[in-house]
Structure formats: structure tokens, C-alpha cells
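Here is a short report on one protein model and the two molecules it holds. Look over the chain and the fold before reading on.

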Amino acid sequence: MHTTVGIIGGGPAGLLLARLLHRAGVDSVVLESRGRSYVEQRQRAGILEQGTVDILRAAGAGERMGREGMPHDGIELRFDGRAHRLDFPALTGGRRVMVYAQTEVVKDLVELQLADGGPLLFEAEVTAVTGADTGRPTVTYRHEGREQTLTCDYVVGCDGFHGVTRLAVPEPVRTTYERTYPYSWLGILADARPVHDELVYAHHDRGFALASMRSPTVSRLYLQVPNGTDPADWSDTRIWDELDTRLGTGTGRKLERGAVTAKSVLPMRSWVTEPMRYGRVFLAGDAAHIVPPTGAKGLNLAVADVARLAAAFTQLHTTGSDALLDAYSDAALRRVWRAEHFSYFMTTTLHTDPEQSPFLTRLQLSQLDRIASSPHAAAELAANYAGLPFEE
Ligand code: RFL
Ligand code: PHB
């Protein structure tokens, strides 16, 4: 089999890239190692930036999001017994975010691709990408019990943090930057009305807490926990009690305790690999960078990468110019590093390090007070959270 763009990974990055290329008349094949239902059920991100919403709409994937997604105009910060709301449209000149889960984005994109797109193969595990520096990179994969090959004009690795495409960039060319954090998140999904109409980010001596949502009747809640925490050590009652303590009372309702339908622990990591291109192989999304989830940037960065790549392949297809492909890595990394900084800032401002000194706590509270009292400080947070405009 041969295709113009071989896409490794059918997460949000790979699926959206396939959709954007399809609309531009560029053919592609998507190879995804997992099965369809696994990919559609994986609980992950929940917040879409304005630019992400715009791109999904332009890709023809905005219909259900328009009906079921919940536009949000702000978030609430809770700290030191106070609650402070950030009004995004007022602080950013009209930008807002959308609560629409990654699971739903993936379901919508899979359905569109299977209806009229190029091949999307599930249970097709890529084992190697070779020939990045030749005119015809080759992808080797296992599907239906057989080893198969796909030759491509270009390959895009959208295969996440544990993917293999990155290995096509030779070791001497690759630089990796990494930071780990001395805490994780315990996340639950609960059949309970959200505690507030907007997301609540809470700083607390006992650790960070976040109240998010999936719908008007389903809450998504997170607690900072030590690394290595076993979710089995956290009974539902213990989780609700701790959420009550850390979220405190803000402008919202009393926390409603509903049935807990999912419980898991997620590690926190900042990680970037450079460059995001080698020869005819490109990297996008979590295959090239990871952020801790506190700034809600992971999914949005993946979308920004593939929007940029789709524009570059479209330029090549329509004009023969590879100028945008050549600019891809540097331009994408500029946005990546902004999001890395913002995610690091949100994480270290809101979490309590197990070794934290009272001095550092005072600095965090001073920073939060500054955000609550200075429109300039608030505007900087809001601009990053609601998302910087997508440039060409
Ligand atoms: P994904 O979603 O990881 O998709 C990669 C896809 O590639 C497949 N794959 C392969 N396919 C073929 N051959 C191989 N050898 C392959 N190796 C891997 C995988 O099965 C998968 O389907 O990456 P993508 O598309 O770049 O999308 C990025 C987002 O998923 C990610 O940034 C966010 O979900 C990050 N993230 C969160 N971000 C937020 O903004 N808020 C959150 O609450 C949030 N929670 C999370 C998260 C990431 C998590 N991971 C990755 C551990 C929670 C978790 C658990
Ligand atoms: C979520 O809804 O899962 C979510 C929202 C905001 C974040 C992280 C996760 O910062």
C-alpha cells in the first residue's frame, strides 16, 4: 500500500489531521494500535480552547459539539479562603473555552473518517518507521496477524508519548527536555451535578484540587496525591471528604456526592523532544511534547500542531511549495514552549510540594493575590488559558 501522508496513531491529533487532509484533497492512511472502543472510551482532557473549537468546526466536526458542548466564560480560583473569578471574554477581548470531552471529539472524528475518509485501521500496531531521510519513508505494522508495510511520501507521528515514530529521528539529532513533579492527580468521574457552573482550581495546604465537569449531571474531579498512590487506597468517602476540605466554599453550590464511575491516578510530566521534523517524518501532539494537565493545554497543543501541518501539506498540494513544511518544527515549538511555561506556572503555583517551605507557600499566595487584584496579571493567565490565536 502507498499513500501521500502516513499517519501513525488514531488519537485526536492523528484523526483530526486525516480529516483536515481529506478536506484539502490530500490522501492519507491512519494506523492505530488499539481497537475503536478503547480509543473512544479513554478518559482524558475536557477543555477546548477557542482556536480548537474553530478548527474542529472548520473540519466539519463541530455539529454535536455545538449541541452538547458547554461554552464557559471563565474559571474560579480558590485560595486562602477566598474565591476569585476570571472573566475570559472581558480579559481577552472576547475569547472563551468549551467544555467538550476528548472522548467525544474522538468519537466524532472516527465517525466522519469511517463515513467518507481514507483508510483508518484499528488494531494496526506500527513497529518501525524507516527511511526518514529518503524520498519514500516506510512504515512497518502488524495487522490481522500479518506484518505489512505502507510506503509514504511523508509520515506524521501522532502516536503519543509511548509511540515509535520519534525513533525515526536519529539519536544525535534529537534533544529531549524533561521535568517530573513530586505529585500526581487522582481523578474521578461521578454522576453528580457539578459543584459550580465553571471550573474551580483550588490551592490548599493539603494539596491542589480541581472541579471540572463532563455534562450538567456528570462531574470530573481531581485531587493532588503523592506519586505512587494506589487508587484503591482512596475510598469514595475519603475522596469526597478531601474534595470538600480542599475546595472549601466559593461562590458555587455544596459539593454533591454521586456514584463514582471511574477512578485513576495520573502522573505529571513536562517533556519536549526537538526537532519535530526529520527528513520526511514529522511529529505532532503528545508524540513530541507532554504538559502537566493543570493548564488544560495537552489536547489543544496537539490540535494546533496538526492544523499547522495540514496547512503545510495543503500548500504543498496546491502550489508545490514546501515552505510551510520547512517552517513547521520551529513554528510549532514556539507555541509548545509557551504552553510548557504556562502549564509549569499553573502547576507550581497551585500545587503543594511535599517538601514545600512556608516561604514558597507565601510566594504562591502572593502570586494568586496578584492575579485576583491586577487586571494585567489576570489577563496574562486568561490569554494563555483561553488560548493564543492560531497563527499560520
Ligand atoms: P494520544 O491521545 O496519546 O494518541 C496517540 C495514539 O497513538 C496510538 N499509538 C499507536 N498507534 C499505532 N502504532 C503504535 N506503535 C502506536 N503507539 C501509540 C495510541 O493508541 C493512541 O491512540 O495523543 P494525541 O493524539 O497527540 O493527543 C494528545 C492528547 O491525548 C493529550 O495531550 C491529552 O489528553 C493530555 N491529557 C490531558 N490534557 C488535558 O488538557 N487535560 C486533561 O485532563 C488531560 N488528562 C491527558 C490526561 C493525558 C493522559 N495520558 C496520555 C496518560 C490524562 C491522561 C491519562
Ligand atoms: C478535565 O475536565 O478533565 C480537565 C479540565 C481542566 C484541566 C485538566 C483537566 O486543567
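D80 counts as exposed, at 55% relative accessibility. Exposed means over 50% relative accessible area, buried under 20%, and partly exposed in between, with a 1.4 Å probe and protein chains only. This is a predicted model, in which local features need pLDDT of at least 70, side-chain atom pairs count only at pLDDT 80 or more, and totals for chains, interfaces and linings use all residues. Residues are numbered from 1 along each chain as its sequence is written, chains are lettered from A and ligands numbered from 1 in the order in which they are written, and side-chain values use heavy atoms, with hydrogens and water left out.

D80 sits in the loop between β5 (74–79) and β6. Helices (H or I, at least four residues) and strands (E, at least two) are DSSP runs, numbered from the N terminus. The phi of D80 is positive, near 55°, and D80 is not a glycine. E144 also has a positive phi, about 50°, and is not a glycine either. E144 lies in the loop between β10 (138–143) and β11. E144 is exposed, with a relative accessible area of 68%. Most residues other than glycine have a negative phi, and most peptide bonds are trans.

Which form does the peptide bond from E274 to P275 take, cis or trans? The bond is cis, with omega near -5°. P275 is in the loop between β16 (259–274) and β17 (277–278).

## Ligand 1

The shell around ligand 1 has 30 residues, and E32, R42, R44, Q102 and D286 come nearest. A residue is near a molecule if one of its heavy atoms lies within 4 Å of it. By class, this shell has 14 nonpolar, 8 polar and 8 charged residues. Here Ala, Val, Leu, Ile, Met, Phe, Trp, Tyr, Cys and Pro count as nonpolar, Asp, Glu, Lys and Arg as charged, and the others, Gly among them, as polar.

The table lists polar contacts of both ligands. A polar contact is a pair of N or O atoms within 3.5 Å; within protein, one must be able to donate a hydrogen and the other to accept it, and residues adjacent in sequence count only if both atoms are side-chain atoms.

| Residue | Part of residue | Ligand atom | Distance |
|---|---|---|---|
| R42 | side chain | oxygen of ligand 1 | 2.7 Å |
| V126 | backbone | nitrogen of ligand 1 | 3.0 Å |
| G298 | backbone | oxygen of ligand 1 | 3.3 Å |
| S212 | side chain | oxygen of ligand 2 | 2.6 Å |
| Y222 | side chain | oxygen of ligand 2 | 2.6 Å |
| P293 | backbone | oxygen of ligand 2 | 2.8 Å |

## Ligand 2

Taken alone, ligand 2 exposes 280 Å², and the protein buries 97% of that. Accessible areas come from the Shrake-Rupley method with a 1.4 Å probe; for residues, only the protein chains shown count as cover. Around ligand 2 are 14 residues, of which Y201, S212, R214, Y222 and P293 come nearest. They divide into 8 nonpolar, 3 polar and 3 charged. Which strand gives the most to this shell? β14 does, with 3 residues. β13 (199–202), β14 (209–215) and β15 (218–225) each supply at least two residues.

The C-alpha atoms of A83 and Y201 are 118 residues apart along the chain, yet separated by 9.6 Å. A83 is in strand β6 (residues 82–87) and is partly exposed, with a relative accessible area of 36%.

The largest nonpolar core has 53 residues; L16, L17, L48, V156, L309 and F313 touch the most other members. Such a core is a set of buried Ala, Val, Leu, Ile, Met, Phe, Trp, Tyr and Cys residues joined through side-chain atoms within 4.5 Å. α8 gives the most to this core, with 10 residues.

Helix α11 (residues 375–386) has 12 residues. The helix reaches 16 Å from its first C-alpha to its last, close to the 16 Å expected at 1.5 Å a residue. That expected span is 1.5 Å times one less than the number of residues. The buried residues of α11 are A377, A378, L381, A382, N384, Y385 and A386. G387 follows α11, with a positive phi near 105°.
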